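Reader: Could you walk me through this one before I set anything up? I would like to start with how you sort residues by accessibility.

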Amino acid sequence: MRSLLLLTLLFLPFLMKGQGFHQPDFFRKKRQLPFVELKDRKVIPLSKFGAHPDDGEDDLKAFRKAFAKAASMADAGKNIEILFEKGTYDLWGKSGGTHALTLFRNKNLLINGNGATIIMHSPMLGFLKMMNVKNVIIKDLYIDYDPLPFTQGKIIALNPASNTFDLQIDEGFPELSAPYFTASAERWGMLMDTNIPGKLKDGVGHLYPYKGWEKIGERTYRIQQPQQRFIDDMEVGDVFVQIARNNGKTIFTSFGGENLTYMNITSYASPAGSYAAFGHKEWNILNCNVKLKKGRYHSANADCIHVSGSMFGPWVENCLFEGASDDAVNLKAVRKYILEQPQKNQILTAGNGVLKGDIIRFYNPREGVLLDEAYVINVEHRKEKNFLITFNKDIKGLTSFGTDKRNDIAYIDTQACESFIFRNNTFRNARRFGMLLQSNYGIIENNTFENLSQCAISMNNGADWGEGFVAHDILIKNNLFKNIGYDKTFLSQYNAASIRMWVTKLKNPEAKGRWCGLAAAKWQGLNTIAIEGNHFIYNKRALSIECAQNIFINKNTFIRNPNDPFSKELDPVFQDNVSNVLSE
């Protein structure tokens with residue numbers, strides 16, 4: 001009864017309070033409401049620096065001059081608006097960097113796109129990188145690529161004996177002979193649903209590896225696969241998308257900033273993800289779209305939102321995410337490798353970022369156990385990029401040290417994207433997860449998740465990736481989950497569901513290669529998760545709950561999808577290794 005009372009007190013206050021922004025009461029750290037207005041600003045027309053829409057000229061130098069001028073004026077204490085004219089701006093750039101444009105320590109700045117379109121002409125560059133910006137709003141922009149960082153076409157022949165298939169590229173899409181397709185860091189393809197752009201084909205793999213190709217005719221290529229099983233998934237007439245992915249080259253990336261807001265931005269393609277943040281505070285994505293353009297089967301090449309170690313997670317409201325080839329949302333805690341333990345209450349870590357007052361949790365990924373938890377009382381810079389961290393207590397159980405995922409790892413619980421809000425968004429027609437949560441103190445409410453090839457929400461640590469820890473204190477309320485999970489991976493996993501929770505450990509820590517595999521841990525590390533008032537039209541299962549405690553399930557509806565591709569009828573809720581699961 002005590003646990004039921006605690007959970008009830010914790011989660012019942014989350015009723016909609018009318019229009020406008022509001023934040024839940026249970027957040028450990030109170031955050032500001034979204035920063036949406038910069039008052040008393042001086043307006044600088046972008047045209048003043050030589051950028052004119054619709055002239056076909058490269059506007060990159062003019063953009064850089066405008067940003068530099070805004071930074072100089074902001075340093076003098078002024079609030080600045082850079083105002084675009086409506087129309088299309090063309091940006092070229094050298095592919096050696098990560099982004100075409102950089103804002104460094106800019107503050108009190110409004111970039112007002114005024115409905116303009118940015119065309120990026122390098123498919124290996126992101127649009128804008130921001131370093132330590134503060135009080136910045138970017139709004140009213142459309143962003144696209146020409147040439148696109150992906151291509152698409154129809155399969156016109158299958159050659160199982162040689163593990164190849166023949167692909168005819170659609171008109172208007174780049175050919176695989178373009179050098180960036182082989183120069184990109186990740187090169188793989190997807191089989192698409194011919195009737196629903198962005199959605200993968202039912203019952204097939206979610207990734208088809210790059211093993212080379214050759215041109216055999218006009219806009220026609222013979223594509224090699226490593227094994228016949230990949231060819232077995234295909235049929236003549238299937239739509240195939242081939243991506244040229246370059247991680248880190250997101251449309252927008254921000255490092256160490258505060259009070260950053262994206263508003264009314266629509267992007268149609270990206271070499272990697274769409275919005276990334278590292279070590280950020282108070283940032284927001286409002287009324288934005290990662291959107292499929294008419295005639296395309298794909299949008300972004302990676303996560304729409306990827307956050308590693310923000311002190312506050314994103315506030316995301318009234319947005320659309322569709323057609324991406326990786327998770328729509330990926331929220332992680334900061335990971336620190338432990339080099340040694342000089343004293344019982346100290347560790348030496350590689351790299352900075354730990355702050356006095358941070359709460360750190362210590363995990364043994366070989367056994368899948370939480371070793372200890374403590375808070376930081378001192379941070380001391382040692383030689384090179386190593387830091388000595390001192391805690392309020394002795395740290396127990398550390399035995400394995402080094403910069404490898406197989407060693408004991410420290411995760412910063414206070415740099416885990418906490419106080420995140422996802423409200424009134426749509427996640428649909430895309431590969432993999434809607435949300436991968438390795439974070440805490442968040443709310444996910446009034447969203448729609450539809451036609452995602454794997455889990456809509458997966459709460460699991462990334463033991464085999466060596467990153468991201470265990471989620472806790474999450475409210476999932478009043479969402480719609482429809483036709484979630486239909487690729488081979490989802491259909492084959494014993495614990496796949498629309499919402500999946502489990503704590504993982506390394507299955508074979510002695511493995512020689514890169515991957516060790518995953519197994520469920522005995523530790524019930526997922527804690528205080530409420531799933532309330534949601535509607536599930538599910539494939540396979542609605543909920544899978546493992547390695548968890550203090551889980552509250554209330555007033556949800558579970559309806560099996562009449563087109564469920566999983567052949568057996570299962571109970572909608574799977575539970576294993578759980579305690580104090582309260583269901584009403």
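Author: Buried means under 20% relative accessible area, exposed means over 50%, and partly exposed is what falls in between. Please keep in mind that this is a predicted model.

Reader: What about N446, what is its phi?

Author: The phi of N446 is positive as well, near 60°, and again the residue is not a glycine. N446 is found in the loop between β33 (440–445) and β34 (448–452), and with a relative accessible area of 24% it is partly exposed.

Reader: Switching to the strands: how enclosed is β9?

Author: Strand β9, residues 164–169, has five of its six residues buried, so it is largely enclosed by the rest of the structure.

Reader: Which way does β9 run relative to β8, and how many bridges join them?

Author: Strand β8 (residues 150–159) and β9 run antiparallel and are joined by six bridges, with I155 standing opposite L167 of β9. The two strands form a hairpin with four residues between them, where N163 takes a positive phi near 55°.

Reader: And what joins β9 to β13?

Author: Five bridges join β9 to strand β13 (residues 220–224), and this pair also runs antiparallel. Across that pairing, D166 stands opposite R222 in β13.

Reader: Before I check the backbone, which peptide bond is cis?

Author: The bond from D146 to P147 is cis, with omega near 10°, and P147 lies in the loop between β7 (134–145) and β8.

Reader: Last topic, charges: which residues gather in a patch of positive charge on the surface?

Author: That patch of positive charge on the surface brings together K42, K48, K69 and K78. Of these, K78 has its place in the loop between α2 (60–75) and β2 (79–83).

Reader: Where does K78 fall in terms of accessibility?

Author: K78 counts as partly exposed, because its relative accessibility is 41%, and partly exposed covers what lies between the buried limit of 20% and the exposed limit of 50%.

Methods. Residues numbered from 1 in each chain as written. Predicted model: local features only at pLDDT ≥ 70, side-chain atom pairs only at ≥ 80, totals over all residues. Heavy atoms only, no water. Patch = residues over 30% accessible without salt bridge, like charges linked within 9 Å, V, L, I, M, F, W, Y side chains within 5 Å. Areas by Shrake-Rupley, 256 points an atom, 1.4 Å probe, with all protein chains shown as cover. Salt bridge = Lys/Arg side-chain N within 4 Å of Asp/Glu carboxyl O. Lys, Arg positive; Asp, Glu negative; His and termini not counted. Charge placed at Lys NZ, Arg CZ, Asp CG, Glu CD. Buried < 20%, exposed > 50% of the residue type's maximum accessible area, 1.4 Å probe, protein only. Pairing = 2+ DSSP bridges.
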